[in-house]
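User: I've got a model open on my screen and I'd like to talk it through. Can you walk me around it?

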Amino acid sequence: MSATQGDLASLSRYIFRAPRWYASVGFALLVAAVAGVGAFDAGYVLEDAWQGVFFIGVPTVVASLLTTPVDRRLGGQLTYNRSSLLALTCEGVVVAVMAAAGAATVLFEGLDQGFVFDALIVALASVFALRLLVVLAISGTSVVVAAIPASVQTAAAAVLVFIYSGTMQYLYVGGGPLVETFIDITMTRAAEAPPELGAIVAVDFVLLGLLCLLYGVAVWAFVRFIDRPWERSLGVSMLDFLRGFVGHLAEGTDELEDFFEQIGEEAVVPVTVLAFRRRDHTEKARFVLPMIHPGPMGEIGGGNLPKRVAETADGLGFPPHATAGHDFNLVTQRELESVIETAESAYDDIEYGETATPPVRSQVGDAKVFGQAFGDDLLLTATYAPGFADDIMYAVGLSAAAEARSSGFDDVLLADAHNSNDGLSDVEDLGHVYPGSERSFDLMAAAREAATELDETTQRPIRLGTAWDPTEWEPREGVGPLGVRVAVFEIGDRTAAYVLVDGNNMEPGLRDRIIAAIEGVDDAEVLTTDNHVVNTVEAENQVGSSISQDELVALIADLVAEARADCEPVEAGMATERAAVTVFGNDRTETLASHANAVVSMGGALAGAVIVAAMAISLVIFFLT
């Protein structure tokens, strides 16, 4: 993950799941009652609270209950939870503006009740603008259509004020008995209303309409301006991304996948399966390595790829991290089905053998390759520990595997151990192993050296033992649902252990501590799955950053001992098939992250400029009227 992508992922800390609609409505009524006590002076606290609930809370309740059906009737996607939270937020805007205006009248002698109601007009227009922006973002309708559900709260408040302020009498131009009766009723209502509402006149509603139009145009201009780069470079709308991003984290929807599917590209990726079976042909363990990246986050796309892949194994499933970066994120969870079907096809084609080599380790520069041969196939793992490294790019992995095959081997399962990184703290060097870098050539040379040595090593019968602990740690603590899995191979008098932790990379130095603590084996390697379910609300959540490293080391030592005791004769075989999937594509991830971060960094300043301009025009309108 690059610094740009990390900045994007870290924005998720500001997203929260919308509360139930009735909770938002209940809190809105409470706020309205408290505001009524401060705003009105009927002589009784309960009467003041009731007037607050009526004049402030009722428009909020109306907006909470009506916005969703109106929006959906027009093709939108607002839920009741979202519309209620939006209505509550807008009520807070009104209360805050009115409180500030009331305080201003106390501090400055030249201001009177008319200033307070001018502030109310601005507040109601601002509520319309805020709701219009949110409805545009969530529902994806045109600005004209979005203006209809966006106006519900402002319109409800205006209707109440229109009736109870007595303004209706200014529109009376004659009529029959029914009209006169209606006017009498509204005048009676006005007499029962707080006397402060008497300062409102008909022209105030004209001003409200003008300001709503002005602010609506400002919102439209703001959205069009920040949306232009997205449309030019990605061919999609920024609002589509925002809607999906918020929907996934706040509501658990799959709208973000729909957006990713629009920008995705077709790709063909190898899926390699290394299976082990007992003498009775029952499966003992299965290593599955699709050359895709388990991202971008949470359950989106291939974010939970390791778990889905591991669940397909009859024995204990091991889904290590492939040599692929975020450009090879699957766009939807549906793409996982193609990967799983391809893995099953490869598994059916496996031809088993009874021998393997002891493990070897080679090093060129910072690149270290550890692995062994199983018949004519290779299992290799790559690490740069104790140095720092993040993803090994797709082309580098393919090239390294090709170098390994040049020694005469058929299939190669090359896993990125992904076990030592300092997160996003060093923006100058994030540890990516990209084509053309010195590290990429080191890895290719190390893979070739390891394969050459393994080709010259005598193979012997295989014994395999496995152990697994799902652990009590949770994704927010950096460990996914697969917990910790261990495979121990006994080849002749040599023993090798592979430790797989379901997480996204590892704190510096932890991998070496684990290997040093393992007893009873000649060599070992520690891997992580790069499972992105641990990155829903944190861009950096590496194994060992939130949990006790001592407890993890002790757990792994116990699991290795358990796996050694479980060793039994097995047969091994490997096969590779190719899957056609839709992934993010070359540079799309970085482009997406760059645009999103630009919106955050520049959008605030632009929004401030738009607000200042709109307010300035508002003042001109007030002076002219």
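This is a predicted model: local features need pLDDT of at least 70, side-chain atom pairs count only at pLDDT 80 or more; totals for chains, interfaces and linings use all residues.

Analyst: Residues are numbered from 1 along each chain as its sequence is written, and side-chain values use heavy atoms, with hydrogens and water left out.

User: What percentage of the residues in the protein chain is buried?

Analyst: Buried here means under 20% relative accessible area, exposed is over 50%, and partly exposed is in between (1.4 Å probe, protein chains only). The protein chain has 625 residues, and the buried share of them is 54%.

User: Which residues does arginine 463 touch, not counting those up to four places away in sequence?

Analyst: Arginine 463 sits in strand 9, residues 460-469 (strands are DSSP runs of E, at least two residues, and helices are runs of H or I, at least four, numbered from the N terminus). With a relative accessible area of 33%, arginine 463 counts as partly exposed. Taking contact as heavy atoms within 4.5 Å, and leaving out residues up to four places away in sequence, its partners are Val488, Phe489, Glu490, Cys567, Glu568 and Pro569.

User: How far is the backbone oxygen of cysteine 567 from a polar atom of the arginine 463 side chain?

Analyst: Cysteine 567 is among the residues that arginine 463 touches. From a polar atom of the arginine 463 side chain to the backbone oxygen of cysteine 567, the distance is 3.1 Å.

User: Phenylalanine 489 and tyrosine 498 form an aromatic pair; what is the angle between the planes?

Analyst: Rings of Phe, Tyr and Trp (its six-membered ring) pair if their centres lie within 6.5 Å; planes under 30 degrees apart are stacked, over 60 edge-to-face, and the rest tilted. The whole structure holds nine aromatic pairs. In this one, phenylalanine 489 and tyrosine 498 are 5.7 Å apart centre to centre and edge-to-face, with the planes at 85°.

User: Why does phenylalanine 489 count as buried?

Analyst: Phenylalanine 489 belongs to an aromatic cluster that also includes Phe276, Phe287 and Tyr498. Tyrosine 498 is buried too, at 2%. Phenylalanine 489 counts as buried because its relative accessible area is 0%.

User: Where does tyrosine 80 lie?

Analyst: Tyrosine 80 is partly exposed, with a relative accessible area of 35%. Its place, within residues 80-107, is helix 4.

Key. A polar contact is a pair of N or O atoms within 3.5 Å; within protein, one must be able to donate a hydrogen and the other to accept it, and residues adjacent in sequence count only if both atoms are side-chain atoms.
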